[in-house]
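Please look over the structure below before reading on.

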Amino acid sequence: MCGIVGYVGKQQATPLLLDGLRRLEYRGYDSAGVAILDAGALTVRKRIGRIANLAELLLKEPAPGHAGISHTRWATHGSVTDQNAHPHLDRSGGLVLVHNGVIENHGPLREALRKEGHQFLSQTDTEVLAHLVGKHYDDAGSQSAETPAARLLEAVRAALRQVVGTYGIAVMHRDAPGLVVGARRGSPLVLGIGKGEHFLASDVGAIVNRTREVVYLKDFDIATIHADGFEITSLPGGLSGYEISSVDFQERDVEKGDYPHFMLKEIFEQPETITDAMRGRLSREEATAKLGGLEMTNAQLRSVERIVLTGCGTAFHAAMVGEHLIEQLAHIPAEVEFASEFRYRNMPLPKDVLVFALSQSGETADTLAALRESQRKGHRTLGICNNVASTIARESDGGVYMHAGPEIGVAATKSFTSQCMVLTLVALLLGRIRHLSTTDGLRMLDELEAIPDKVRSILKQSDHIRDIARKYASAQSMMFLGRQFNHPVALEGALKMKEISYIHASGHPSAELKHGIIALITPELPSVFIAPEDTVFEKNLSNIEEVRARKGPVIGIGTEGSRRLEELCDDSILIPHCPDYLSPLLTTIPLQLLAYHTSVALGCDVDKPRNLAKSVTVE
């Protein structure tokens with residue numbers, strides 16, 4: 001959550017910072033601000049609302065200079081006001097700081113600083129951190145033999161030793177022109193390397209148009225950047241090892257292109273992203289999936305007695321699909337846990353348990369905490385994520401990359417299907433080393449390779465789905481129902497509708513309808529049934545009949561040629577035939593489009609839904 005961009009170089013900083021903030025606006029859009037340092041003068045501009053508001057202010061009140069830091073905020077501590085917007089100054093007004101994360105002990109720190117005469121203008125934990133760094137800088141004294149740059153670095157180090165919580169920060173001081181200090185713990189920060197200029201950003205997408213070489217900072221790294229170079233040290237002191245990486249995507253990957261919204265672009269990218277999740281991982285010779293990143297031999301995989309999958313939000317729903325896949329195809333007991341609850345429970349787990357942590361960004365705070373707790377208990381823990389350089393990717397014992405490319409839309413779409421595909425490959429691999437025959441494996445490979453074209457055929461129905469969305473856009477509430485593999489899809493469909501259209505929506509197993517949920521059925525409440533022709537198709541039809549008997553409108557997601565479903569439902573969206581274990585890869589596409597077109601019909605901001613941000617890096 002929240003976005004940081006910092007710059008030091010020969011160009012004017014403000015246009016570069018604004019451009020970077022626009023690319024990070026999906027991380028938070030409650031308020032935004034910049035601080036520019038020029039010839040020892042520090043200028044701060046900030047405004048509530050979108051980046052456009054800040055840009056308008058800067059047109060009226062320019063801030064020239066060649067070094068600066070900036071921030072786009074998703075509010076945690078303090079309401080959405082100009083005073084609470086970042087950047088924040090210290091008591092002297094000479095130090096300025098931006099921050100992602102949460103300082104958990106900001107209360108005691110604030111009180112201690114108040115007793116020393118500090119006065120605070122905001123409600124934020126970030127202003128406390130700015131004052132704390134400023135205090136250590138001032139305490140070193142102007143008579144110190146250290147240069148202002150060295151004093152600033154040591155002040156940051158001293159302050160961070162006192163804080164409890166998570167942070168990604170960028171700091172400047174008017175005494176140290178041409179220098180920006182950055183540090184991270186639990187909140188991502190990347191250093192961009194240029195010629196005669198350097199960058200800091202909370203996401204590489206902010207600077208991909210400026211540099212192709214980056215350093216992904218590790219927890220407890222502190223970076224100092226200036227126009228001609230950089231240095232990375234550790235919080236305890238001393239140099240910290242680092243690796244220069246090449247950015248593995250292009251600027252066009254973080255642009256909308258001809259699409260009106262990132263979400264629609266990413267929905268339509270799914271034939272390619274599903275293909276990329278399979279690419280190089282299917283072996284016809286062995287009729288299985290090849291996943292070397294798991295870092296486990298077949299003997300080790302055969303010894304697994306239980307699998308636990310954990311994630312949050314959309315990743316949790318993908319994990320639920322994975323539970324069904326692993327149990328059906330590999331016959332290994334599996335269970336799904338909310339990452340946010342995982343470390344607070346004391347689950348009895350067998351010795352030979354394998355844990356998968358799912359996160360698109362690889363930085364989700366709750367999922368990272370679950371991974372660390374699992375490893376603390378001695379369990380091998382693997383990651384499924386989309387960012388090769390993420391913390392989960394670095395700290396897991398192995399894993400699988402999704403290769404879905406940047407996902408900018410706040411409502412996850414292509415990451416869900418990519419996670420489902422990766423879990424399908426995991427289930428195939430586990431099944432083949434246990435009981436699935438070569439014939440079974442080859443049949444699965446054929447079905448997997450056919451999925452991208454089947455997705456393309458569903459995407460061609462976008463206009464039809466748009467018409468259905470407009471028909472029901474005035475609904476105050478909706479229900480999504482499915483069984484077996486498609487119960488998680490119902491939950492995911494309801495989540496998408498809630499996230500971007502603000503229509504109250506709930507997902508349920510279809511069979512639970514008569515166990516209480518049916519009381520909600522009215523002519524004003526549409527029900528969306530995910531009912532492909534599978535082993536529970538007849539049961540789903542019976543549930544639809546129960547809703548229709550009570551005059552509830554029904555949208556059916558079914559299989560091509562399913563005349564009975566079409567006759568029963570008020571509206572229907574049909575998908576190509578596929579095995580039940582692959583159906584989530586297809587049935588989720590109409591639900592993504594239904595939510596998208598409903599949001600557009602209601603005039604909502606599809607890519608920036610209220611109160612949400614893309615990457616949840618705070619608890």
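The crossing of α7 and α13 is right-handed, the term meaning that the near helix is turned clockwise from the far one by less than a right angle. This is a predicted model, in which local features need pLDDT of at least 70 and side-chain atom pairs count only at pLDDT 80 or more, while totals for chains, interfaces and linings use all residues. Residues are numbered from 1 along each chain as its sequence is written, and side-chain values use heavy atoms, with hydrogens and water left out.

Helix α13 spans residues 414–432, and its axis lies 9 Å from that of α7 at an angle of about 30°, axes being lines fitted to C-alpha atoms over the stretch in contact and angles running from 0 to 180 degrees between N-to-C directions. The two helices, α7 and α13, are therefore roughly parallel to each other, a label for angles under 35 degrees. In their contact (heavy atoms within 4.5 Å), Q270, T273, I274, A277 and M278 of α7 meet residues of α13 that include K414, M421 and L425.

α7 (270–278) also belongs to the elements that give two or more residues to the lining of the largest pocket, as does β14 (244–246), and α7 gives the most, with three residues. Helices are DSSP runs of H or I with at least four residues, and strands are runs of E with at least two, numbered from the N terminus.

Note on methods
Parallel < 35°, antiparallel > 145°, perpendicular 65-115°, else oblique.
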